[in-house]
Amino acid sequence: MGVGVEVQSPAPLGATVLIRPTSGPIPPRLRELWAYRELFLILVWRDIKVRYAQTKLGFAWMVFQPLALLLVYTFAFSHLARVTIPGKIPYPVFALAGLSLWIFTSRAVLTGSESVVQNITIVTKTSAPRILIPIAANVSVIVDFMVSLLLYFVIASSYGYFPTWRLVFVPPLLLAAFTLTLGMSLFLSATYVRYRDVGQALGFMITLWFFISPVAYQLQTPGRSIETIVQAANPLVGLILAFRWALLATPAPHGLLVAALVETILIFVIGVVRFAQAERTLADDA
Amino acid sequence: MPEPVVVSASGLSKCYRIWTHSRPTSLSDRVDHLISAIRHPGRSEASERPRKETIWALHDVSLEVRRGEVLGVIGPNGAGKSTLLSILARITEPTGGSAEVRGRVSSLLEVGTGFHPELSGRDNIFLNGAILGMSRREVEEKYDEIVDFSGVRDFIDMPVKRYSSGMYLRLGFAVAAHLDPEILLLDEVLAVGDRAFQEKCLARIGEIVHAGRAVIFVSHDVASVARLCDRGVVLNSGRVAFDGAIDQAVAAYLASTPLGVDDNAAIEREGTGELRVETISITSAEGPGVVIPDRAAEIRVDFRGSRGIRSEPLRLEVGIHSTQGGMYVLLSTDFDPSRPLDASELGGATVVCHVPDLPLKPGKYTVSATLQRAGGEIVDRVFDKGLFVILPTDYFGSGVLAGENHRAPMLVRHRWDVEPRIEEMVDARVSGAAG
């Protein structure tokens, strides 16, 4: 018809899809996720590219941001406030070990929670499984983590601190942190669609979280039970202490790590169930 | 042998829980409601307190579509057209009932879904292709065709935020046009772009149809539905009011359309909405909704709007559309600069357009209205309103009624004459003498 596009003759009819109301705590259409793997990869690629490739300095921002934070922390906590550090670990090495995991956690929760609202047209105009959006947002932040971890190795080795066999614990700890941020992202991103307050609360919440987590300071041995409870209730405490143990052989956080892992799994399950329930009619709330 | 059924819906229902008055979209709204409920416990039953109400957007809808069929779904705003499409496209789940869909489905509810302004045209082709369900290999194979179809090859490496809106739409449609679905779900996408672009889109959809695919097309542009589809379903208040041949469906729909603008329609209409078209009516000496081609008529557009709207010049365009397809007449305040419209005077006012005659073929017509700012931003736009009929009349004074069987859309008065041409007469005389 003069538009110059060929349409092939109809292929044999494909599989039958049954559309009906579903319910329950398991996300619908989980089995289809594999079929959407290319969309997933392209969403991850887009998130990374949009964040850095289009800016003038490109990937230099990925290095610059943790570096700038490190300089500020070093000045504030090591010169102005004089935080005590175990052993003889130089403050920049100590701080950067916690900072690389914090950068991942905070950014993953932030971008993951905002992801669905930012991609709302995918929700309201296409049938792509919605759960791909927060997962892709979380995965894209792993690149930021890799860059800040690389920065840690460069700076730590310049101070004479080299990785040991404990490095093998870094991937499982990242996986634990990922499970935690994904669980939080699933819960918050589904809630954000309906209640825009989440957007306001996010930045505030993350700032608070930073101060109750031992990113830039050393956790004092808890004296009172209330402190123990606060530390045990924040899964990031156990994860950061374990992460620092893996990189710098600081004391291992046995009990706190167990608490952190239990909480992580709990948060993940709550997040998945919340998202599964919202996902079915997410487009109606948008 | 009849073609196989590819879409079969049985008893589809969709229920929305909506808030009467304002729906709380933030926690503070909820807190406010809670506080007012505590402060005025006696008023808790009062109507001003928002309550959740159950609205059935779709109620027990059953239909079947066979391969090669083009089904148009029409109905007034809020009838459930888009809800039906959203369920079949698996954008939202039904509340009840079920549907079976056999084959690869592409839903085209928007052009350029997921386009990222910072990414280049090339990147967005791959992104949009993936979002619409194409594999990377498929997009790579069709990449050149897509770029050629879009006509933006020179700008393909430029971020789409620098594209004009026309380029953006063309690129978006180019990707969608290369989907290879067995079942295509279409929603109003044709209402965008310039005329030439719309023609291109329609032609492309025609190709998909001729390749034996099933298409479900939802629109409130009755004209394009009538042109594209062979079967029509009329939805009304979430129920199937008619299912049959497209011209009967269009007639059934128009017959049920009230002359005024449906107030509940706010959801589907376009525009920023400070001023709203309340009713459109067309009247003549013959009465409301009835026009004779060679007599004067008035098109009246009533506006509703809050007081104290800032003064600024506005443009009102009124289109007269045939129910057979196409806009036949465009009336604009731009064409009569003697009475410019100002936003501050329109709320609660009626704008009247006086037409000395309306020489169109007798039949049913609808009116659309678009209220725009000087910069082109749409304040309000409504379609398919103010249904009226043009009655057959002896327009040409020939003693024969120009009726609905007139074969062209316009009536133009004319006079015939025969003039001899001098040179031909000379030639004839010369050849006559020679013979």
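Start in the sheet of chain B: select β3(B) and β8(B), two parallel strands joined by 4 bridges. Strands pair here if DSSP finds at least two bridges between them. Helices (H or I, at least four residues) and strands (E, at least two) are DSSP runs, numbered from the N terminus. Zoom in on Gly72(B), which stands opposite Gly232(B) in β8(B).

A word on what you are looking at: this is a predicted model, in which local features need pLDDT of at least 70 and side-chain atom pairs count only at pLDDT 80 or more, while totals for chains, interfaces and linings use all residues. Residues are numbered from 1 along each chain as its sequence is written, and chains are lettered from A and ligands numbered from 1 in the order in which they are written.

**Stop 1: around β3(B)**

β3(B) and β7(B) run parallel and are joined by 4 bridges, with Val73(B) having Val218(B) as its bridge partner in β7(B). Now show the side chains of β3(B): Val70(B), Gly72(B) and Ile74(B) point one way, Leu71(B) and Val73(B) the other way. Are these residues buried or exposed? All are buried, and that covers 5 of the 5 residues of β3(B). Buried is meant as 20 or more other C-beta atoms within 10 Å of a residue's own (exposed is 12 or fewer, partly exposed in between), with C-beta atoms placed from the backbone.

**Stop 2: the whole sheet**

Widen the view to the 6 strands of this open, mixed sheet, in the order β5-β6-β7-β3-β8-β9 of chain B. β5 (105-108) and β9 (239-245) of chain B stand at the edges with a single partner strand each, so one side of each has no neighbour in the sheet. From one strand to the next the twist averages 15°.

At the β9(B) end, 6 bridges join it antiparallel to β8(B), residues 231-236. Look for Asn236(B), opposite Arg239(B) in β9(B).

Next, pick helix α2 of chain B, residues 81-88, which lies across β3, β6, β7 and β8 of chain B and runs at about 145° to β7(B). Angles run from 0 to 180 degrees between N-to-C directions, and axes are lines fitted to C-alpha atoms, for helices over the stretch in contact.

**Stop 3: the nonpolar core**

Select Val215(B), Ile216(B) and Phe217(B): these have the most contacts inside the largest nonpolar core, which has 149 residues. Such a core is a set of buried Ala, Val, Leu, Ile, Met, Phe, Trp, Tyr and Cys residues joined through C-beta atoms within 7 Å. Its largest share, 13 residues, comes from helix α3 of chain A, residues 91-118.

What does Phe217(B) touch? Setting aside residues up to four places away in sequence, its neighbours include Val70(B), Leu71(B), Leu186(B) and Cys229(B). Two residues are in contact if their C-beta atoms, placed from the backbone, lie within 7 Å.

**Stop 4: an enclosed helix**

Move to α3(B), residues 121-131. With 10 of its 11 residues buried, this helix is largely enclosed by the rest of the structure; among them are Asp123(B), Phe126(B) and Ile131(B). Just after α3(B), check Gly133(B), which takes a positive phi of about 100°.

**Stop 5: where the chains meet**

Colour by chain. 55 residues of chain B are in contact with 39 residues of chain A. Elements giving two or more residues to the chain B side include β1, α2, β4 and α3 of chain B. For a close-up, select β1 of chain A (residues 16-19) and β4(B), which pair antiparallel over 4 bridges. Leu18(A) stands opposite Glu100(B) there.

**Stop 6: chain A**

Finally, hide chain B. Chain A has 12 helices and 1 strand, and 39% of its 286 residues count as buried. Its C-alpha trace spans about 75 × 45 × 35 Å along the principal axes.

Select α7(A), residues 170-194, and α11(A), residues 254-279: they pack at about 35°, with axes 7 Å apart. The contact residues include Leu180(A) and Phe187(A) of α7(A), and Phe268(A) and Arg274(A) of α11(A).
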